[in-house]
Amino acid sequence: MDPFDHIEELLDEAYSTDEPDEMERLAREVLALDENNVEALILLADTLEYSRKKIDVLEKARNSLAGEIENMRLVSGENLLEDEIGMLYMAVMQRLGFALFSEGQNEEALAIAREIDGYDPERETLGRTLLYRVLLEMGKDAEILEETLREKESSPAMAHSKAIASFRLSGAGRTSYRALWEAFSAGPDIPFYILGYREEPEEGTEEAEEEYNFALLFEDIWSSENELIKWLTRGTILLGLTASLFPGETADKMLILADALDIADHTEEAMVKAESREDWGVLSREERIAAALKILSEGSYLPLTD
């Protein structure tokens, strides 16, 4: 068999397997035939835990594409995401950025996030998510708020970063209150995943899996300060009780926790307002969440400093 055909066959097998060990074996077999094969390097990196070794593999993939990408950069108006090589490069850069971030190399990760962002005006990649997450880790809250002004539409990364930055800069004020509910609106289940009030989706939709993975990425930063995680917890319990998301026994426990967090009166008021709707009992889960978010965002249901 022609070596090129054999490589393509091995790559097809690697893409079709769900077994990490088998994927690694096939990727290494390809690399034995072509040590700079970028697809194989990406597949190999995907089988590795975050580590210096993973970074090395991804940097090799980036270097393998460097010449072609430089040529593309010289072509006026070239969109990397519309080219197969460009898409491979973006796949490598995203993985490399998150790998560097996981190893605490924030400056390097930020540089990669900004490069991805420059090629992605339509926000098709995770470049902005990486950018916001690194800026949060570096404590660049004012810069985060400036970045949010550039957004054409909201996203979980933008909304959660804005909520965290606003709270860290000004505490529990009305600006932070509005930002908090914007974050909930961008993905209502995300805070429940962060706090462990909702379990990992087993065979959920792609959106549910994305929200769960996002929660894993932002869990540490929300938990980095006691007052910050308390702020998120108050909002989550408030929404969960107002929208009738907790089953009976859990709801009773959450009411006790609401009292301990000094939001019992606010919670009762919001619940009464929601349940006063004649159709409340027939609304779907999504409809109850939307109605509860409208009530909470338009009112004042958390202890505020202004």
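Me: In this predicted model, a salt bridge is a side-chain nitrogen of Lys or Arg within 4 Å of a carboxyl oxygen of Asp or Glu. Which side chain of opposite charge is nearest to Glu-211, and how far away is it?

Reply: Glu-211 is buried. A salt bridge needs a distance within 4 Å. Glu-211 has none, because its nearest side chain of opposite charge lies beyond that cut-off. That side chain is Arg-198, 6.8 Å away.

Me: Which residues does Glu-211 touch, not counting those up to four places away in sequence?

Reply: Glu-211 sits in helix H12. With sequence neighbours up to four places away set aside, its contacts are Gly-187, Asp-189, Ile-190 and Tyr-193.

Me: Which element gives the most residues to the lining of the largest pocket?

Reply: The largest pocket has a volume of about 1,400 Å³. Of its 41 lining residues, Phe-98, Leu-126, Thr-129, Phe-214 and Leu-217 are the closest to the centre. Helices H5 (84-102), H7 (127-137), H9 (156-170) and H12 (206-222) each give two or more residues to the lining. The top contributor, with 10 residues, is H12.

Me: What is the volume of the second largest pocket?

Reply: Its lining includes Leu-81, Glu-84, Met-87 and Gln-94. By class, that lining has 6 nonpolar, 2 polar and 2 charged residues. The volume is about 180 Å³.

How values were computed. Residues numbered from 1 in each chain as written. Predicted model: local features only at pLDDT ≥ 70, side-chain atom pairs only at ≥ 80, totals over all residues. Heavy atoms only, no water. 1 Å grid on protein atoms, 1.4 Å probe; cavity = no way out; pocket = protein on both sides within 12 Å on 5 of 7 lines; lining within 4 Å. Points joined across faces, edges and corners; volume = space filled by probe spheres on them. Helix = DSSP H or I, 4+ residues; strand = E, 2+ residues; numbered from the N terminus. Nonpolar A, V, L, I, M, F, W, Y, C, P; charged D, E, K, R; others polar. Buried < 20%, exposed > 50% of the residue type's maximum accessible area, 1.4 Å probe, protein only. Lys, Arg positive; Asp, Glu negative; His and termini not counted. Contact = heavy atoms within 4.5 Å.
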